[in-house]
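The sequence and structure are shown first.

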Amino acid sequence: MSAIVRGPDGKIKLYCKGADTVILERLAPQNPFVDTTLAHLEEYATEGLRTLCISMREIPEEEYQAWLVVYDKAATTLVNRQDELDKAAEMIEKDLFLLGATAIEDKLQDGVPSTIHTLAQAGIKIWILTGDRQETAVNIGYSCKLLTEDMRLLIFEQESRDSFEKALNERLAAVKNAKQSTLDSEPLALVINGATLAFALDKDFEVKFLDLATKCKAVICCRVSPLQKALVVKLVKKHLKAILLAIGDGANDVSMIQAAHVGIGISGMEGLQAARSADFAISQFRFLKKLLLVHGAWSYQRLSKLILYSFYKNITLYMTQFWFTLFNGFSGQTVYESWTITLYNVLFTVMPPMVIGIFDQFVSARMLDRYPEMYKFGQNKEFFNVKTFWGWTINAFYHSMILYFFAMLFFLNDSILKNGDIGGQWVFGTTLYTAVLVTVLLKAALVTDLWTKYTWLAIPGSFVIWLIFFPIYATVAPLLGIAEEYDGLLPVLYGNPIFWFTVLLIPTICILRDYVWKFMKRMYFAKPYHCVQEIQKFNIPDYRPRMERFRKAVNKVRIIQRMKLTRGYAFSQTESGQAGLIRAYDTTRRKPSG
């Protein structure tokens, strides 16, 4: 970033600040403070401070006036404006004199280390893209728990294309060989600076570089420009089937945030540029954990259930109309009154999916925070996939067949009334419609995990609305000439025992299979979230802190074993000892809490 000023004496000076890698290449040949400044920068960076260099030059009037014409033309162009402005800046930002360097302590916000550790447990891969020096970025990686002491750092700081290609091929081959060996390979972290990243983003190397980066538990890209941040995001989007989230707090993060699938801006000391260009805005980084692991998990499960249930309830109703066409010679006659069909989605079944999509929780926020691995259900498409969709669809077909053909069985000889008359089509159709409505509402009740006052209003309340609506509509509508099919139907229908028998029995038969299937899944084919639901129900205390201490002890022994291996110990001895530790760890994990 540069500023051009004219002093009281009429002299024009350019002041430029930026990263050392950017400023040093723009300095004039004779600069007396370069070596001293570099030594200070190294010292500051090892302490985790964020550094910048400051430089200046005096610009002759003639050079400035000539440059100003180029700059004004670039600023007003409508084609590649940013590229033209960059070229104009390159013309004037040269032969600078180094004034010195600054170093500031940029403390991590509260909860950053624990948030990153929890997100890693949830199966989220975390990359740091920063403009800081390599030493500063690595220290920040350790302080935020992205890097651990047992990690092996793969550092790329090559200055030529050939040396980078050689290093990339060697390390990629070594990592693949280590993954194929029987000994557990140590966790890896990749560290690359901006100059070398320019080689990695080349079309010839981007696939190999991404292959190596995805094999590492952590990736840190330091001294990268805002454009490189966006290019890294686009590289991952191009070659991996993954959903990318970019989070930043400054103007230099805007391009990265906009390039990702989901952009999150942190509003605070750095301004509001990131927050204004993002999909979501939060005030602190630690809120990302609740946004993803709690609200993200809830949203995924709610929307999955809402979509599946919406398809189910419509297929169930309209397939009964299809079965009816088999018995009316495909004449086009409907089994339901037209306005009653219209109000099915508008009034009688609109509230259950809304309540499920807004208030339902398959587990509480406390459980999602305790078990961040629950977030992996979304990554593994546990609640919404092709198998689940067709399962709900086939179930809707099954329910429609049970509803229609059992109703046909009950009305086989039609409904004979006390006066000797028969009920007719509309008695049968209204009875079938009521049975369908009860069935889909019972299904909504069966799949709902959290019952609130709104759930009670939505599911039982929808059936109450039908019981209130139908008598009023069947009485008033025929008088207005709207639904003449319902003329005189109300006393015949409500006084008919077959109506009540059908409405009670057929939905019970439909839902009984669903209830048994749900019971079998939870009892004999339980998923992890079923276990967490039981832990939540019975308020079982968490035993994971004890397991974490045991895991650290196991890791410590593994590190010692690796050290022994490098000193010439036999592999068979280490392998047997390590296998024993792993078996003991697995056995302890299965031990029930309490």
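Lys 443 lies over the face of Tyr 312, with 6.0 Å to the ring centre. A charge counts as sitting over a ring if NZ of Lys or CZ of Arg is within 6 Å of the ring centre and within 35 degrees of the ring normal. Arg 171 is likewise placed over the face of Phe 156, at 4.5 Å from the ring centre.

The model is predicted: local features need pLDDT of at least 70 and side-chain atom pairs count only at pLDDT 80 or more, while totals for chains, interfaces and linings use all residues. Residues are numbered from 1 along each chain as its sequence is written, and side-chain values use heavy atoms, with hydrogens and water left out.

**Aromatic pairs**

The structure holds 42 aromatic pairs. Rings of Phe, Tyr and Trp (its six-membered ring) pair if their centres lie within 6.5 Å; planes under 30 degrees apart are stacked, those over 60 edge-to-face, and the rest tilted. Two of these pairs are set out below.

| Pair | Centre to centre | Angle between planes | Class |
|---|---|---|---|
| Tyr 312 and Trp 392 | 6.0 Å | 80° | edge-to-face |
| Phe 327 and Tyr 404 | 5.8 Å | 40° | tilted |

Tyr 312 belongs to helix α13 (residues 287–325) and Trp 392 to helix α18 (residues 386–410), so this pair links distant parts of the chain, 80 residues apart. Helices (H or I, at least four residues) and strands (E, at least two) are DSSP runs, numbered from the N terminus. Tyr 312 counts as buried because its relative accessibility is 1%, and Trp 392 is also buried, at 15%. Buried means under 20% relative accessible area, exposed over 50%, and partly exposed in between (1.4 Å probe, protein chains only).

Because Phe 327 lies in the loop between α13 and α14 (338–348) and Tyr 404 in helix α18, their pair ties together parts that are 77 residues apart in sequence. Phe 327 is partly exposed at 47% relative accessibility, whereas Tyr 404 is buried with a relative accessible area of 0%.

Ring pairs also link a cluster whose members include Tyr 336, Tyr 344, Phe 348, Trp 466 and Trp 500.

**The sheet**

An open sheet of three strands runs in the order β9-β10-β11, with parallel pairing. Its edge strands, β9 (245–248) and β11 (280–282), each pair on one side only. Two strands pair if DSSP finds at least two bridges between them. Strand β10 (residues 262–266) and β11 are joined in the parallel sense over three bridges, and Ile 264 stands opposite Phe 280 in β11.
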